[in-house]
Amino acid sequence: MRMQTFTPGACRHFVATALFLGAAVSLTACGEQRGTDVAVGSSTTTPSSSPSSPGASPYVEPGTIDGAPHNGDNNAYRRSGEMSPASARDAQKEADRIEPVLKRLWGQKKWDPKSVRAALLELGYEEERTGPKGERLGGTLTVRKMYPRFEVDHNVTPEGALIGIRVHDDACVTAFVQKTNFEVKTNGPFMETGCFEPPYGH
């Protein structure tokens, strides 16, 4: 068996070639994502690169999703109060009572507050009355115009009626009927607006 011998110059050439090839392999692998421990028969895909999403706010209130910091505090006026189970049941009974009336009015294209109020008074509700300081003096029903909304360069009040029925101190029926649809739901009262959900941009 004949031994191969290397001269010092040949050794330097061999080492330089090995280093060059090692660097080339490392550079071609740069930027690739490689799967490891792949099960037999499975396939791997390299996700396409996409711009990273902006970092989350350093403070997010518990229960807030995709909201700005203090979003919950800023919108507290839009949260309804809690209803007791008994009050919630009573509110649902009233909601079930007025829903067919609103459905009929909507089918007849009668969604103005005057027509809606008259139809609900026929069910035996009384209009809610308040004193000079906003104190409630009796009655449970309030029917009013829709909230105005800003369009292009001015406010527009859409056709339709908002309905609020105070069932108990902690329970309301809130509804609306308008050209496109109608809705009836139950909720606790709102901090500043009673049975009516306040508009945005408060």
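1. In this predicted model, the side chains of Asp169 and Arg136 meet in a salt bridge, with 2.6 Å from N to O. Asp169 lies in the loop between β6 (161-168) and β7 (171-177), whereas Arg136 belongs to strand β2 (residues 136-138), so the pair ties together parts that are 33 residues apart in sequence.

2. Is Asp169 buried or exposed? Asp169 has a relative accessible area of 60% and is therefore exposed, since the cut-off for that class is over 50%.

3. Glu128 is partly exposed, at a relative accessible area of 23%; the cut-off for a buried residue is under 20%.

4. The contacts of Arg136 should be read together. The side chains of Asp169 and Arg136 meet in a salt bridge, and salt bridges that share partners join Glu128, Arg136 and Asp169 into one network.

5. A further salt bridge links the side chains of Glu94 and Arg97, at 3.5 Å from N to O. Where do Glu94 and Arg97 lie? Both are in helix α3 (residues 85-107), three residues apart, which is about one turn of the helix. Glu94 is partly exposed, at 22% relative accessibility, and Arg97 is partly exposed as well, with a relative accessible area of 37%.

6. How many salt bridges does the rule give? The count comes to seven.

7. The last point concerns the strands. The loop that holds Asp169 lies between β6 and β7, and β7 pairs in the antiparallel sense with strand β8 (residues 182-187) over six bridges. Four residues stand between β7 and β8, and the two strands form a hairpin. Which residue of β8 is the bridge partner of Ala175? The partner is Val184. As a general point for reading such strands, side chains in a regular strand alternate between the two faces of the sheet.

How values were computed. Residues are numbered from 1 along each chain as its sequence is written. This is a predicted model: local features need pLDDT of at least 70, side-chain atom pairs count only at pLDDT 80 or more; totals for chains, interfaces and linings use all residues. Side-chain values use heavy atoms; hydrogens and water are left out. A salt bridge is a side-chain nitrogen of Lys or Arg within 4 Å of a carboxyl oxygen of Asp or Glu. Buried means under 20% relative accessible area, exposed over 50%, partly exposed in between (1.4 Å probe, protein chains only). Two strands pair if DSSP finds at least two bridges between them.
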